[in-house]
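Hi,

Here's the structure I promised to pass along. Have a look, and my notes follow below.

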Amino acid sequence: MSGTHAETVRYVRDTMLPEQAPPLSAAGPIAWVRTNLFAGWFNTIMTLLSLAVIFFTLVELVPWLVQSSWTATSLNECRAQIVEMYGEGTTGACWAVIRERYLQLIYGFYPSELYWRPSLAFVLLIFAVAPILFERVPRALLYLTVIYPFLGAWLMWGGTVWLPIGAFMGFVFAYLTIRFVGTRAGAIVAAIAAVVVAIVWWLFLMGPVVQEFEQSIPLALEPVESRAFGGFMLSILIGVTAIAGSLPLGILLALGRQSDLFIVKSLCVGFIEFIRGVPLITLLFVASVLLNVFLPPGTNFDIILRVMIMVTLFAAAYMAEVVRGGLAALPKGQYEAADALGLDYWKAQRLIIMPQALKISIPGIVSTFIGVFKDTTLVSIIGLLDPLGLSNAIRSDTAWNGVVWELYGFIALMFFIFCFSMSRYSMYLERKLQTGHR
C-alpha cells in the first residue's frame, strides 16, 4: 500500500494551471457562426440562400453606386459622363442631383441667407432634449428645454420676440395658478382655474401687452412665411412637435379612459376610437380644407400649425392605447401599495404607477414615435413640400426628369438615420431600466 501511495503522489500537481481561452468551437466567431448560421440542415440551407441573394444584389448594386457622376448639371450630361468614364453601355447613379439640390431637400424654399436660423434651431433642439434622454447631461440645460418650444418657433418663423414671450407667460400664469389654488381648493379646481387663466391671457390680454412691448422695445427677426418651409426641416418640425405633444396627451387620455368618471371616460374613449378609426390622410385633408369652413371669416390659421395639431392628436390616440397597455400590465398589488401609503390619485400615478407603466411601454412608445415621424411624408398629398414633395418638384425639372432612385435613396437614408437612432435609444433605455426578463 505504501508503494502504491508513493507512486500515486508522484503524479499530484502542486501548482495551478493558468487560465486558457475556450476552444474556438465553443466560443468566439466560429461558435457564433455554427450556432446562428449553420445549426441544422434547414438553417444551413436558408443561410446559403440568403448569402446568394446578398451576393447577387451587391454584384448589381455596387457597380451602380460606384460608377456614378457627381459633377453633372443634368441627367443627360450625367449619363454622358458615365459612358465617357466607364465605357459604352455602362449605367450608374447620378449623384449630381443630390450635390446640386441637397440644400433644397433639407431646407425647402427657406431663404438661403437665413439658413442659420433653422440650423441653430436644430442644434438647440439637441441640447434641449439631451437632459431628458440622458442622466449625465448637466441639469441646467432643463431651462433650455422649457423655453425651447418658444425659442425654436421664433427662430423658424421670425417676427417679434415678444409674441413667443407672451405665449410662454401664459404657461407661467397657469403654473402659478396651480401653485396658489392647489393648496386651497384641490388639484382638479386648480387645473380648471389654470386653464381658464391661460385662455384669458392668450385671447384677451396677450395681444395688447405684446403690441405695447413691440412698440416700446422692437426686437424682431425677419418673418418667413410657412409656404417657404419644406424638406427635412419640415418633416423634423412636424415630427418633433407630434412626438413631444403626443406622449403627455396620450398619458392623459389613457388615464381618462380608465377613469371612474362617466363623462371623462366617455369623452376619452370616443376621441381615441374616432381617431384610430380614421386614416391620417383624412385628418390632414380636414386640417387643410375643411377646418377653415368652421372658423370665423378672415381667420388666418397657419397650415403648418393645423397639420402639427392634427398629427399630434392622431399620435396621441395611439399613444393612449400603448400607455393603457402598460397600465393594464401592472399587478394589482402596485395600486394597493399606493393606497396603503396614503397617496392620493395624482401622487400615486406620478410616483408609483406611471413610471412602471411607461417603463413597460417603452418599445410601443418608441414604435409609435417612429411611425409618426415616417407618416410626416403624407403631408405632400396636401401640398406641403416635404422631402417626397420636393423630389417630385425636382423631377419635374426638365434637367432632372427621369431621376428616381437617387432621390428616393437619399431620402430613405436620411429617414433611416433618424428612425434607427430612435430605435437604438429605445434599446439603450430598455437595458438601462432592465425592462426585459432575465
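This is a predicted model: local features need pLDDT of at least 70, side-chain atom pairs count only at pLDDT 80 or more; totals for chains, interfaces and linings use all residues.

A term first: a polar contact here is a pair of N or O atoms within 3.5 Å, where within protein one must be able to donate a hydrogen and the other to accept it, and residues adjacent in sequence count only if both atoms are side-chain atoms. Across the interface of domain 2 and domain 4, the rule finds seven residue pairs in polar contact, both at pLDDT 80 or more.

Residues are numbered from 1 along each chain as its sequence is written, and side-chain values use heavy atoms, with hydrogens and water left out.

The domain bounds come from an automatic or database domain assignment, which puts domain 2 at 67-107 and domain 4 at 226-433. Between these two, the rule finds one salt bridge (a side-chain nitrogen of Lys or Arg within 4 Å of a carboxyl oxygen of Asp or Glu). Asp397 also forms a salt bridge with Arg101, with the closest N and O atoms 2.8 Å apart.

Then there's Thr90, in the loop between α4 (75-86) and α5 (96-107). Its side chain reaches the backbone oxygen of Tyr86 at 3.1 Å and that of Gly87 at 3.0 Å.

Cheers

Notes:
Helices (H or I, at least four residues) and strands (E, at least two) are DSSP runs, numbered from the N terminus.
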